[in-house]
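Take a walk through this model with the sequence at hand.

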Amino acid sequence: MEKEKLIERAKEARKLSYTPYSKFAVGAALECKDGSVFLGANIENSSYPLCMCAERNALYNAYMHGYKKEDFVAFALSGDTDEPISPCGACRQVISELYPSNAPIYMTNMKGMVRETNVIELLPFAFSPEDLK
Ligand code: THU
């Protein structure tokens, strides 16, 4: 899928967010090898620490449909930030384990800025399943 199309899906995903507290909608779109796209948006809660980010919701959405790390080819994130939206630390840890290290991550904003990155840049020296052995 073209990069622009995936970014458009991430932008659309923002509409699915539930953000009565922050009023800050984030969207994510995860593309798979077979062309499937899984969306995520942030879902908040009155017990604030339970808020869940768009990035993790997209990954968990794909996993709940039977897709896995090796199936993913691109990941787009969208938010209304001055600079392209950058995932939080918790999401970086989850992305580093569930998303392939050699696949692109497109961080974008509503002004049309796109910054391409990857797992290694986002979380060098990540704690990983190897560390549990
Ligand atoms: N949020 C995300 O969903 N993804 C990010 O990359 C940054 C932050 C959410 C969490 C919370 O619902 C709101 O944005 C404000 O922090």
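Which residues of helix H2 (residues 54-63) are buried? They are Ala-54, Glu-55, Arg-56, Ala-58, Leu-59 and Ala-62. Buried means under 20% relative accessible area, exposed over 50%, and partly exposed in between, with a 1.4 Å probe and protein chains only. Helices (H or I, at least four residues) and strands (E, at least two) are DSSP runs, numbered from the N terminus.

A word on the basis. This is a predicted model, in which local features need pLDDT of at least 70, side-chain atom pairs count only at pLDDT 80 or more, and totals for chains, interfaces and linings use all residues. Residues are numbered from 1 along each chain as its sequence is written, and side-chain values use heavy atoms, with hydrogens and water left out.

Back to H2. The cover over its buried residues includes strand E1 (26-32), strand E2 (37-41), strand E3 (72-79) and helix H3 (89-98). H3 has buried residues of its own: Cys-91, Arg-92, Val-94, Ile-95, Ser-96 and Leu-98. Their cover includes H2, E3, E4 and helix H4 (119-122).

Now the ligand. Around it stand Ser-22, Phe-24, Val-26, Asn-42, Glu-44, Cys-53, Ala-54, Glu-55, Ser-86, Pro-87 and Cys-88. Near here means that a heavy atom of the residue lies within 4 Å of the molecule. The shell divides into six nonpolar, three polar and two charged residues. In this scheme Ala, Val, Leu, Ile, Met, Phe, Trp, Tyr, Cys and Pro count as nonpolar, Asp, Glu, Lys and Arg as charged, and the others, Gly among them, as polar.

For Glu-44 it is 2.5 Å. For Glu-55 it is 2.5 Å. Taken alone, the ligand exposes 370 Å², and the protein buries 78% of that. Accessible areas come from the Shrake-Rupley method with a 1.4 Å probe; for residues, only the protein chains shown count as cover.

Cys-51 is partly exposed, at 27% relative accessible area. Cys-91 is in no disulfide either; its nearest cysteine sulfur, that of Cys-53, is 3.8 Å away. Cys-91 is buried, with a relative accessible area of 0%.

Move on to Ala-103, in the loop between H3 and strand E4 (105-109). Is Ala-103 buried or exposed? Ala-103 is buried, with a relative accessible area of 6%. Leaving out residues up to four places away in sequence, Ala-103 touches Phe-72, Val-73, Thr-117 and Asn-118. Contact means heavy atoms within 4.5 Å. Ala-103 and Ala-74 are 29 residues apart in sequence, yet 6.0 Å apart in space, C-alpha to C-alpha.

Lys-23 is not a glycine, but has a positive phi of about 55°. Lys-23 sits in the loop between helix H1 (3-13) and E1, and counts as exposed at 65% relative accessibility. Phe-125 lies in the segment after H4. Its phi is near 60°, a positive value in a residue other than glycine. Phe-125 is exposed, with a relative accessible area of 87%.

Definitions and conventions
Polar contact = N/O pair within 3.5 Å; in protein donor to acceptor, adjacent residues only side chain to side chain. Disulfide = S-S within 2.5 Å.
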